[in-house]
Amino acid sequence: MPVIESKTIKSMNRAGGKGEVQITYLLPQNQPTENCQMFSKVTIPHGASLGVHKHDGNSETYHILQGKGLYTDNDQTYEVGVGDTTFCADGETHGIESIGDEDLIFIALIIKS
């Protein structure tokens with residue numbers, strides 16, 4: 001079985017969010033599967049965020065590995081932490097901000113609708 005090399009990028013103000021976010025692509029961006037558009041580990045430092053954004057033609061799931069976040073699901077906002085999983089359906093909006101003392105780290109999976 002071949003080992004897939006991951007690639008990490010840093011992105012400022014991602015989706016209109018605050019500060020710098022680090023994204024490690026676990027599935028290379030140039031090798032998506034038929035339905036999987038992104039499979040990555042996302043790291044958001046305290047006070048930084050991914051801005052609220054809409055999904056068109058796909059859905060996104062976050063699974064929290066470390067830290068605490070303030071998750072916005074359409075017009076509702078609530079706290080998420082280790083072990084929580086969120087889902088943003090096609091046509092819906094979401095965003096997340098790191099609010100804990102440590103980095104917020106989660107797995108992000110985007111699947112075509």
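Predicted model: local features only at pLDDT ≥ 70, side-chain atom pairs only at ≥ 80, totals over all residues.
Analyst: Residues are numbered from 1 along each chain as its sequence is written, and side-chain values use heavy atoms, without hydrogens and water.

User: Why are strands β3 and β10 said to pair?

Analyst: Strands are DSSP runs (E, at least two residues), numbered from the N terminus. Two strands pair if DSSP finds at least two bridges between them. Eight bridges join β3 (residues 36-44) to β10 (residues 104-112), so these antiparallel strands meet the definition. The bridge partner of T43 in β10 is I105.

User: What makes β5 a partner of β10?

Analyst: Eight bridges join β5 (residues 58-66) to β10, and the two run antiparallel. Here I64 stands opposite F106.

User: Which residues does F106 contact beyond its neighbours within four places in sequence?

Analyst: Contact means heavy atoms within 4.5 Å. On that basis F106 is in contact with S40, K41, V42, I44, L50, Y62, H63, I64, L65 and I96.

User: Why are β4 and β7 called edge strands?

Analyst: The open sheet of four strands has the order β4-β9-β6-β7, with antiparallel pairing. β4 (49-54) and β7 (76-81) each pair on one side only, and are the edge strands.

User: How many bridges pair β6 with β9?

Analyst: Strands β6 (residues 68-73) and β9 (residues 93-98) pair in the antiparallel sense over five bridges. The bridge partner of L70 in β9 is E97.
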